[in-house]
Every structure is written in structure tokens, then in C-alpha cells.
Amino acid sequence: MHDHSFETPSREGLAAALRNREFRMHYQPQLCCRTSRISGAEALMRWARPGRPGLEGPAGFIPQAEESGFIVELGDWGMESAVRALASWRVPGFTIAVNLSGRQITDSLPGKTERLLRRADVDPSALELEITESYLFHDLPTMVGVVRELRAIGVRVAIDDFGTGFSVLEHLRHLPATTIKIDCSFTRRMLQVERDHIIMRNLIRMARDLGMQTVCEGVETPAQLEAIREMDADYWQGYLYSPAVSEPALREMLADGGVPAAPARQPLS
């Protein structure tokens, strides 16, 4: 077998890794600011790359997958894995967020997603698809149409890395998204830089006024958590609680009572 362990991965190498079941999905818990309980998780891909210790994060292979075009197949596998996990857990009110590549956001995405959810018998509101804000610049009309179809199915849609683009308000005027994920750069600096604190507070307020929910990324200290609670954010994720963990580890967290009895994250109309 060809050893691709120490090379920049090619399309063929990535395809071989997928066939050989070398990719894994890990899940970073997302917690409700009000209940302090796990309400969902973000699905993050890892590669058990032969010849290398541990698991390789997406920075080591996603750029090559994007460049080669293999990101569509890899992304489809990631979404199928996340939906299978949802189907096996059957936890009311629990949401899994899956990152999308811009290459995946085509007219065929809503139909593909609906068929996947139907086969797995998963409530569409349990799936949240994340679109990185920078992708919105490429073809906003297509994005708007696809997002509207996803929302018609009942799937949630989040704008990821929110606040890092150049036309945030323009996007919100058109996209019927349910969630904005505030970029970790704001979380990291908000207690040291007053402008970042003001921007973050107003992003949370704006989202609430627009009927959207917020997830603050990169929460690492109790002071940061207290600050976003005071700003009335909805959800958070970060190393303060947990990094991304394997499916069995997350299942154990949920078994320990990680999800409140009343669903923390209600479907939005």
C-alpha cells in the first residue's frame, strides 16, 4: 500500500484515507448559558493518519481537500456521520452543528440533506449547518436560495466566524439564518480591548432583536463565560468546558445528565 503519511495529501491520498476509514468525527460540546447544560455539539473532523501520532486536525488536510475538490465527498461523509450519531443518540432538544464548505453549497444540497435526514429518521431541527461568513461573498444569491430551502425543510443554519467579514449586515438582510457563531477572536480579546467588548455585546443584541440565537466560540476562562452571560448570549463552546471529544466520550457526557429535561434549543420558525 502506498504510504501517504508524510506527504501533503493529494486527492487520491484523501480518497484512500476515506476508503480505509481513517477519518473520525469528534464533537465539541455547546452549552446553554442559562442552564449550564450541554445543548448540542459541533462536529469536527480528525484524521488518524498512518505513521503519525494522535489525530490530525482539519488544518492539516481540509485546505488540500478544498483545493483538489475532494472536500465535497469528505464533507458529505462528515454530515452523514453526524446524522448517524444523532440517530443513535435520540436526545430530545440536542443539536449537532456541521461545517459546510462553499463547494457543498449548491442547489442539490437541500434535497440531499432532506433525504439523509429521512433515511436516518432524524428531526431536521436537530441538524445545524454552518456556513463560514467568508463563503457568502462568492455567490450570495445562490446562498440565499439554498438557505431558504434548508429552512423550509426545518434544518437550522448558522453563520460561522461571524464578525470577521466585510459585509455582515448585508448578509443578515438576506439570509434567513437561525444562528450566528461569534468568532473566537472577539471572545479572546473582549476583556482586554474595549472595542471588542462593545462589538460583541452589540452583535449579541442585534442577533436577539432579529430573532436569531448566538453561540460564542473559544470560551476559555470563567471571566469570559461570565461576560457573555451578562451580554445575554444563548450558547457557548470552548476549552473551559471541553475540547472536541470522540463520540463515545460525548455519549458519556450526555449519560451524566448533560442535557436539560426541557430542550434548551427550540426550532425557530
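Contact is taken here as heavy atoms within 4.5 Å. The structure is a predicted model, in which local features need pLDDT of at least 70, side-chain atom pairs count only at pLDDT 80 or more, and totals for chains, interfaces and linings use all residues. Residues are numbered from 1 along each chain as its sequence is written, and side-chain values use heavy atoms, with hydrogens and water left out.

Q28 is part of strand β1; strands (E, at least two residues) and helices (H or I, at least four) are DSSP runs numbered from the N terminus. With a relative accessibility of 10%, Q28 is classed as buried, the classes being buried under 20% relative accessible area, exposed over 50% and partly exposed in between (1.4 Å probe, protein chains only). When neighbours within four places in sequence are set aside, Q28 is in contact with G40, A41, E42, L44, Q237, G238, Y239, S242, P243 and A244. To one of these residues, S242, the Q28 side chain extends, reaching the backbone oxygen at 3.0 Å.

Positive phi values were computed for two arginines. R21, a residue other than glycine, has a phi near 60°. R21 is located in the loop that runs between α1 (11-19) and β1 (23-32), and its relative accessibility of 70% places R21 in the exposed class.

For R90, likewise not a glycine, phi is positive at about 50°. This residue, R90, sits in the loop between α3 (71-89) and β3 (95-100). R90 has a relative accessible area of 46% and is therefore partly exposed.

How values were computed:
Polar contact = N/O pair within 3.5 Å; in protein donor to acceptor, adjacent residues only side chain to side chain.
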